[in-house]
Amino acid sequence: MKILSKEEIEAHKYHTIAGGVKGAIAGFAIAGAVWKLAPIRYPRFQPRRWPWSIKTAFWISPPTLMTAICAEEASNKFDSTMYSSGGESADALEEHRKWKEMSMKQKLVEGLSNNKYKIIVGAWAASMYGSWVVVDKDPIMTKAQKAVQARMYAQFITVGLLLASMGLSMYERKLHPNKEQVREKQRWDRLLADVEAEEKTSHDGVAGFRDNSQRVNSKIFKYE
């Protein structure tokens with residue numbers, strides 16, 4: 001049995017809640033898509049005519065289900081990462097520690113940077129739908145003309161998002177100019193620590209290298 005530290009409990013709680021929030025958003029998106037698109041495909045399916053109690057259940061059920069599933073998956077994924085045999089557990093705690101120390105502005109920039117491609121794809125899909133809703137109100141244009149017009153609007157928005165993502169990347173490099181070097185150093189430190197632990201375990205202290213100084217003297221080290 002392993003006794004968890006306060007930091008491990010907080011990290012697990014954060015990952016679980018984050019997974020649940022993502023699941024809730026996905027659930028509302030699914031419910032909205034069914035509410036809007038299903039009557040087009042199945043004219044007899046008219047959720048707007050339902051009693052308010054059934055409407056409430058309709059909007060609550062998908063987010064509740066997706067929240068439970070995604071929170072459970074996030075919890076299991078964190079447990080698998082945290083308590084694996086490699087050095088990933090230390091990485092998970094280190095990332096959580098850094099996230100706690102960030103200001104709200106830094107968290108916003110970091111979150112946007114880590115999910116910028118998801119945001120671009122989602123915004124492109126939303127812009128396609130929104131453009132079609134606006135253009136479809138024109139009684140003069142044909143369906144083909146409306147599709148071309150909506151695609152042009154969506155492309156314009158997508159180009160703007162791509163430029164914004166480039167600006168975000170430049171701003172992030174300005175905030176953290178040595179981010180890649182720090183990650184590289186941490187990767188090598190973890191690699192040396194893993195090799196040292198493996199040698200101590202396999203040779204039981206009889207053969208192999210006892211510490212990094214012996215490894216350096218034996219010419220097994222990273223050249224700068």
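Two rings of Phe, Tyr or Trp count as a pair if their centres lie within 6.5 Å, and planes over 60 degrees apart make the pair edge-to-face. Keep that in mind for this tour of a predicted model.

**Stop 1: the aromatic rings.** The structure holds five aromatic pairs. Select Trp50 and Phe58. Now colour by accessibility. Phe58 is buried, at 15% relative accessible area. Trp50 is partly exposed, at 26%.

What is the angle between the planes of Phe58 and Trp59? It is 90°, with the centres 5.9 Å apart, so this pair is edge-to-face. Trp59 is partly exposed, with a relative accessibility of 29%.

**Stop 2: a charge over a ring.** Select Arg41 and Tyr42. Where does Arg41 lie relative to Tyr42? Arg41 sits over the face of the Tyr42 ring, 5.0 Å from the ring centre.

**Stop 3: helix H1.** Select residues 6-41, which make up helix H1. Find Ile17 there; this residue belongs to the helix. Is Ile17 buried, partly exposed or exposed? Ile17 is partly exposed, with a relative accessible area of 47%.

**Stop 4: the surface patch.** Show the surface and select Ile17, Val21 and Ile25. Together they make a nonpolar surface patch of about 280 Å². The tour ends here.

Conventions
Residues are numbered from 1 along each chain as its sequence is written. This is a predicted model: local features need pLDDT of at least 70, side-chain atom pairs count only at pLDDT 80 or more; totals for chains, interfaces and linings use all residues. Side-chain values use heavy atoms; hydrogens and water are left out. Rings of Phe, Tyr and Trp (its six-membered ring) pair if their centres lie within 6.5 Å; planes under 30 degrees apart count as stacked, over 60 as edge-to-face and the rest as tilted. Buried means under 20% relative accessible area, exposed over 50%, partly exposed in between (1.4 Å probe, protein chains only). A charge sits over a ring if NZ of Lys or CZ of Arg is within 6 Å of the ring centre and within 35 degrees of the ring normal. Patches are made of residues with over 30% relative accessible area and no salt bridge: like charges are joined within 9 Å, nonpolar side chains (Val, Leu, Ile, Met, Phe, Trp, Tyr) within 5 Å. Accessible areas come from the Shrake-Rupley method with a 1.4 Å probe; for residues, only the protein chains shown count as cover. A salt bridge is a side-chain nitrogen of Lys or Arg within 4 Å of a carboxyl oxygen of Asp or Glu. Helices (H or I, at least four residues) and strands (E, at least two) are DSSP runs, numbered from the N terminus.
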